[in-house]
Amino acid sequence: MKKYLLWLLLCWSGTAMAQMEAARKVTPEYLHETRINNHPPDIWQVIRDLPKVKDYSNGMISEVNIRTERGTQYRDLVFADGSKRTDEIQQVHETYKFFVVQISSPLPAGVTKAIVTALVESIPGSKGTSVVRWSIIMEGEKAAKKALTDSLTAEIANYEAGLKKLLE
């Protein structure tokens with residue numbers, strides 16, 4: 001009986017280990033910090049209010065629609081130049097003050113995944129100044145990722161300017 005239980009345990013352990021995916025190191029295409037002279041809860045209140053992205057986009061976004069489809073939230077953006085994009089809202093984490101959106105469409109040819117994150121934190125030893133840490137993570141072909149990264153960094157620069165105008 002003991003041999004049988006040991007054999008079952010070893011088989012189960014081997015199966016579980018075989019099913020686990022190896023850890024992958026993720027290197028963002030872009031990391032940026034925006035320092036804002038305001039407190040994290042005040043900044044987070046603006047960023048977490050998803051339709052407010054229009055208010056802090058520095059004029060870059062003309063329309064925002066937040067919708068839920070089969071339990072998943074999306075934000076449909078219309079940019080000032082008339083272009084459109086849909087992002088899947090993957091996380092809005094209240095306690096840790098961060099959000100994660102994945103660009104759903106359009107994704108440029110050669111890019112298979114594009115994720116944008118923002119994290120609001122206090123700066124240790126600094127009173128009244130906070131930081132928003134932005135990152136862009138992508139999968140796909142190098143040239144295609146570069147073009148989308150350039151576009152998204154320009155978008156983040158507008159968010160940075162808009163947040164400063166709105167909150168400082």
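Modeller: This is a predicted model, and its protein chain has 3 helices and 7 strands, which follow one another along the sequence in the pattern α-β-α-β-β-β-β-β-β-α. Of the 168 residues, 36% count as buried, and the accessible surface comes to about 10400 Å², with 55% of that area belonging to carbon and sulfur atoms.

Biologist: What makes Arg48 and Glu94 a salt bridge?

Modeller: The closest N and O atoms of Arg48 and Glu94 are 2.6 Å apart, and the cut-off for a side-chain nitrogen of Arg and a carboxyl oxygen of Glu is within 4 Å, so the pair meets the definition. The two residues come from distant parts of the chain, as Arg48 sits in helix H2 (residues 40-48) and Glu94 in the loop between strand E4 (84-93) and strand E5 (98-105), 46 residues apart.

Biologist: Why is Arg48 called partly exposed?

Modeller: Its relative accessibility is 29%; buried would require a value under 20% and exposed one over 50%, so Arg48 belongs in between. Glu94, with a relative accessible area of 37%, is partly exposed too.

Biologist: How do you know that Glu121 and Arg133 meet in a salt bridge?

Modeller: The N to O distance between their side chains is 2.3 Å, and the limit is within 4 Å, so the pair qualifies. Because Glu121 lies in strand E6 (residues 111-122) and Arg133 in strand E7 (residues 130-140), the pair ties together parts that are 12 residues apart in sequence. Glu121 is partly exposed at 28% relative accessibility, and Arg133 is partly exposed at 31%.

Biologist: What joins Arg67, Glu69, Arg70 and Asp76 into one network?

Modeller: Salt bridges that share partners join these four residues.

Biologist: Why is Arg70 called exposed, whereas Glu69 is called partly exposed?

Modeller: Arg70 has 77% relative accessibility, and exposed means over 50%, so the label follows. Glu69, at 37%, falls between under 20% and over 50%, and therefore counts as partly exposed.

Biologist: How many salt bridges does a search of the whole structure find?

Modeller: The search finds 11 salt bridges.

Conventions:
Residues numbered from 1 in each chain as written. Predicted model: local features only at pLDDT ≥ 70, side-chain atom pairs only at ≥ 80, totals over all residues. Heavy atoms only, no water. Helix = DSSP H or I, 4+ residues; strand = E, 2+ residues; numbered from the N terminus. Buried < 20%, exposed > 50% of the residue type's maximum accessible area, 1.4 Å probe, protein only. Areas by Shrake-Rupley, 256 points an atom, 1.4 Å probe, with all protein chains shown as cover.
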